[in-house]
Amino acid sequence: MKVALLATCLTDTFFPSTARAVVRLLERLGCEVAFPLDQTCCGQMHFNTGYRNDAESLARKYTEVFSGYDHVVAPSGSCAGMVREIYPEMGVSAGPMYELSEFVVDVLGVTDVGAWFPHRVTYHPTCHSLRMLGVGDKPLRLLRAVRGLELVELPAATSCCGFGGTFAIKNAETSTAMLTDKMKCVLDTGAEVLSAGDNSCLMHIGGGLSRLRAGVRPVHLAEILASTEEEPWAHATP
Amino acid sequence: MGTRNPVTWLGSPTFPKAAREALADTQLRQNLRKATGTIRGRRAAAVAEMTDWENLRLAGEAIKNDVLSRLDTLLVQLEEAVTARGGVVHWARDAAEANEIVLRLAREAGTDEVVKVKSMATAEIGLNEALEAGGVKAIETDLAELIVQLGDDRPSHILVPAIHRNRSEIRDIFQRRMGISVSDEPAELAEAARRYLRQKFLTTRVAVSGANFAVADTGSIVVLESEGNGRMCLTLPETLITVMGIEKLVPTWQDLEVFLQLLPRSSTAERMNPYTSVWTGVTPGDGPSSFHLILLDNGRTATLADSVGRQALRCIRCSACLNVCPVYERTGGKSYGSVYPGPIGAILTPQLVGDMHDPLSASLPYASSLCGACFEVCPVRIDIPQVLTHLRAEAVEAKGRTAESIAMAAAAWVFASASRYERAQKLGSLARFIARDGRITSLPWPGSKWTSSRDVPAPPAESFRSWWRKNRGS
Amino acid sequence: MARDEILRRIRAARVPAAAPAIRNYNRTGPGGVELFAERVADYRAIVHVVTDVPAKLRELLPGKRIVAPDVPSSWLIDGVEWLRDPLTIDELDGADGVLTGCAVAIADTGTIVLDGGEAQGRRALTLLPDYHVCVVRADQVAASVPEALARLEPTRPLTFISGPSATSDIELNRVEGVHGPRTLEVLIVT
């Protein structure tokens, strides 16, 4: 199956290991992955901050870049949500778009991806995956099938981490208060790794944990699913 | 026009500023966390009992959309039905007009004191202050409203205006203002309120209420409550004045079957609230002999004219969105500068004010991380995140050129071309040289807002696209 | 003037017609006296399932001053000081309790509905006394809210009662007993 990757600007720039992991995972599952190099940003930041016209231009750019593909996959619930749920609100129709866990479970029909990840992991479901896309327990089903992985439940998992794009800047104190509670929940699990399907939320919670020198590592779901005994996950170095 | 809409409190700071102060109040945060935590769990249980909840929500949404699509006809129908049953209908374009009518009616009834049932509409128009200025004292009879009134405080929640107060703070207010000695046991506090208000109920000749629903085809008005203060006000006085937003209609009596199931479970997490009163005009020998219904616009018709924003008029004031909101839980209701706090306030207040040049109004749509928990629980399916981003666009337009708009335009220009984007990416990647141990702990403004509490990962030397180009060609 | 302007503004808003509501929610439910009894009791009302109303009243009411609207004469047992309308507000406030029937009850929510009809009287009678005894016949129990509303006449003054007076205003937890009757005793007649 041929599938195009929307890496997202954040992952492309800051978290390339996640996008590489998506490529590895999907190829392992028999997909032919394309990465159209003309892609940039889906326009979510502009849209969510109130810059409609800019967001609309970026939406149109997206549709040009991805028009030839039957399936587009993004390792991000919020960017996938932008394309699938918000573009139509702006009068822009895009083709089929899947968040990674949806694509693997629903389109490829796989829950055991043959991964190996011998760590204690807790999972933050991220608001847009959960409520905008409705991915439900698909990420958890994927994680439960990973060999060696010990999944610990995150208390108050469905609460927002306080990122919210420019919200984290415009209402920095409120965002930090939300982050503080989320970090407490993460630390309470005793997990070594915090995973999520969205690098933006992971960057937020991870940024807070890093400030605390908490030692919990933020790792995108894709990197866990890509990890195998032959080629195990290694903490990315810049 | 020209007079300010009292839906926002005069002199309130913008949301981020007010929130900053509220966040520093640890007692407030504790109170809110406890109360919202309690009600969230209970609401979820009350809703889980219903196998048809989503169908009820869809029906609630559809009925309210129908109301909005033929509001003129339905209001005229309501007016006819109420008039035919001995009631008098008044129309008020704004707060000042509504307040004048209530004051005139109170004076005509020869009273200088009215008892009040908790009502958002009368809070929105600042009725108590307007009556006071006209020499008429308004006595709040709902327990939480009484706590706010006796504490010279402001409301912070739609359903429980004193949610920011815990039991011992309430005891202190009661002891100070009622001159009594009482413990902080909720049952004893409730008993104190009962004794304090009893004589008022028995002797006051005019009552003012709001309305949860009005049935257009029968002229019936519906008020849901818990304590019995509503029944007291709706039954004992000679004159009853009801102030109701024009959107509070349902077309038929049958439509209530949807809302009487949606509202209590969403609001107090009960299968049914203790008391619901329904009356139609005047019933000789039972209840008030004089009934006045004031139909209030106060920004609603302007809201109705906005094709995205009008869904806020479906709101039935249950406050479920407040209770699940992670922002509300931390900042409390007063940070929103209005009687309508929380997610619904963030979309309703600016629309009722109708002026995005007002700094408070323009800040409210940003008082959300867009997590969507509000939409999930809303019994009439108001897509609050959708309206929030819609209003953000209005706020941006009203502001014109700002540092932010210039930065956003620059970012859009960069993203418009893959080669510009890639050059910016390479330039940005140089930031890794200011990183230590793979993290950046301090950035200049506005990045400092981020690094005040979080590190930034050092950008890697190689972006994904460079890796792709090297390893996969194109 | 205000009326015309508001109506004009509404028309100027040009709201498109809406799709009709689909009423595919549950119109009925399991219903029954048992469910009703359980749900009323959930709200800390006292529930008795009885076959002989006067016999139960003889246990509950003797020695009390009880307001009675037009209840069946068999309920007016001896040993009770019965208060009948016309009564002043102070007289009502001074009564020990009130005895009524009801119009409809709702099993699903544990609600009784008064409509001012037979054996119920005007609204103030069931409001001021601190104790309310309400007699519900099994055939008056509707299964669901939709079924109950269909049985009611909306233009009568209606009072829906679900348990005794309560409040959630202190820390969002329910506490019984504020302004309305603090004790609600429901007699379900089978």
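Mentor: A salt bridge is a side-chain nitrogen of Lys or Arg within 4 Å of a carboxyl oxygen of Asp or Glu. The model is a predicted one, and by this rule 68 salt bridges are counted over all chains.

Trainee: What makes B:K470 and B:E462 a salt bridge?
Mentor: The closest N and O atoms of B:K470 and B:E462 are 2.5 Å apart. The cut-off is 4 Å, so the pair qualifies.

Trainee: Why is B:K470 called exposed?
Mentor: B:K470 has 64% relative accessibility. Exposed means over 50%, so the word applies.

Trainee: Why is B:E462 called partly exposed?
Mentor: Its relative accessible area is 24%. Buried means under 20% and exposed over 50%, so B:E462 falls in between.

Trainee: How do you know that B:R177 and B:D152 form a salt bridge?
Mentor: Their side chains meet at 3.6 Å, N to O, and the limit is 4 Å. The pair links distant parts of the chain, 25 residues apart: B:R177 is in helix α9 of chain B, and B:D152 is in the loop between α8 and α9.

Trainee: What makes A:D188 and A:K184 a salt bridge, and where do they lie?
Mentor: The N to O distance is 3.0 Å, so the pair meets the 4 Å rule. Both residues lie in helix α10 of chain A, four residues apart, about one turn of the helix.

Trainee: How many salt bridges cross the interface of chain C and chain B?
Mentor: The rule finds 14 there. One of the pairs that qualify is B:R271 with C:D42, at 2.8 Å, N to O.

Trainee: How do you know that strand β9 of chain B pairs with β9(C)?
Mentor: Four bridges join the two strands, which run antiparallel. Pairing needs at least two bridges, so they count as paired. Within β9(C), C:F160 is the bridge partner of B:T276.

Trainee: How much area is buried between chain C and chain B?
Mentor: About 7300 Å², with 57% given by carbon and sulfur atoms. On the side of chain C, the residues that lose the most area to chain B are C:E171, C:L172 and C:H179, together 12% of what that side buries.

Trainee: What is said of chain A and chain C?
Mentor: No contact joins them, and their closest C-alpha atoms lie 18 Å apart.

Methods. Residues are numbered from 1 along each chain as its sequence is written. Chains are lettered from A and ligands numbered from 1 in the order in which they are written. This is a predicted model: local features need pLDDT of at least 70, side-chain atom pairs count only at pLDDT 80 or more; totals for chains, interfaces and linings use all residues. Side-chain values use heavy atoms; hydrogens and water are left out. Buried area is the accessible area (1.4 Å probe) that two parts lose on being put together, summed over both. Contact means heavy atoms within 4.5 Å. Buried means under 20% relative accessible area, exposed over 50%, partly exposed in between (1.4 Å probe, protein chains only).
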